[in-house]
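Below are some short notes for a colleague who has not looked at this structure before.

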Amino acid sequence: MRVLTIIPARAGSTRLPGKNWKPLGGRPLADFAMAATAGASLPTDVIVSSDSREVLELTRNYPGFRALRRPTQLCTGTSPAIDYVRHALAEAGAEYDAVAIVQVTSPFTRPADIDGTIRLLDDESADSAASVVEVPHDLHPFKFKARDAAGFLTPLLQDEGGRMAAHELPRAYVRNGSVYVSRLATIDTGRIIGDRCLGYLMPRERSLDLNDGFDWRIAEFLLQQQQQ
């Protein structure tokens, strides 16, 4: 299976300015995704899609990676992901069976996570695959509550029926934002994820998705722990 792997890393970030170029543990954030992708065995070609000169220059450290300057109109905070995917496919100049997206905001992604998510598409009944993490029991959707006008808590989705311990609740999963893979036929419909999406399970310690300063401080702590 021929897989075009895209590492998207636009310059703008509202909650954490310059996030994709910001040093984490002495390395630009984007470098973590590039190193993980370089270590994976299943991507056929790799494109780094960005409007950041600093990010694009990082590709010099990774032979075979292509730096693709993304048009400004595809770099806004509301630009759909499918647009930069289509742009990368148009510029790639080759035929592919699938597209993989490796997110820069997940610095603890390993090469095995990328290969493992891609490998799920060996199941021909699946149109896409995504990395997921198990939801901690204290954030289980059965525990979600709404507050009425008087301030009383009511079930938001489903009454937990007195089930409060982890072993009493069904396991729940959420996409962790690390890796997405879809067949080209799914991309052609204008979707990143299809209706038949398989989940590649990643542990909680590798599922951190950096969106704000609090997430960043957690990432710094985890890196320090790894270096001890």
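1. A residue counts as buried when its relative accessible area is under 20%, as exposed when that area is over 50%, and as partly exposed in between. Ser131 has a relative accessibility of 1%, so this residue is buried. The model is a predicted one, and the values in these notes are computed from it.

2. Where does Ser131 sit? Its place is in strand β7, which covers residues 128-134. Leaving aside residues up to four places away in sequence, Ser131 touches Thr117, Val174, Arg175, Asn176, Ser178, Val179, Tyr200 and Met202.

3. A polar atom of the Ser131 side chain lies 2.9 Å from the backbone nitrogen of Val179. For Ser178, the distance from the backbone nitrogen to a polar atom of that side chain is 3.5 Å.

4. On charged pairs, side chains of opposite charge can pair when their charged atoms come close. How many salt bridges does a search of the whole structure find? The search finds 8.

5. One of them is between the side chains of Arg2 and Asp45, at 3.7 Å from N to O. Asp45, at 30%, is partly exposed.

6. The side chains of Arg66 and Glu91 form another salt bridge, with an N to O distance of 3.9 Å. Here too the pair links distant parts of the chain, since Arg66 belongs to strand β5 (residues 65-69) and Glu91 to helix α3 (residues 81-92), 25 residues apart. Arg66 is partly exposed, with a relative accessible area of 32%, and Glu91 is partly exposed at 36%.

7. Arg191 and Asp195 also meet through their side chains in a salt bridge, at 2.8 Å from N to O. Are these two residues buried, partly exposed or exposed? Arg191 has a relative accessible area of 35%, so it counts as partly exposed. Asp195 reaches 65% and therefore counts as exposed.

Conventions
Residues are numbered from 1 along each chain as its sequence is written. This is a predicted model: local features need pLDDT of at least 70, side-chain atom pairs count only at pLDDT 80 or more; totals for chains, interfaces and linings use all residues. Side-chain values use heavy atoms; hydrogens and water are left out. A salt bridge is a side-chain nitrogen of Lys or Arg within 4 Å of a carboxyl oxygen of Asp or Glu. Buried means under 20% relative accessible area, exposed over 50%, partly exposed in between (1.4 Å probe, protein chains only). Helices (H or I, at least four residues) and strands (E, at least two) are DSSP runs, numbered from the N terminus. A polar contact is a pair of N or O atoms within 3.5 Å; within protein, one must be able to donate a hydrogen and the other to accept it, and residues adjacent in sequence count only if both atoms are side-chain atoms. Contact means heavy atoms within 4.5 Å.
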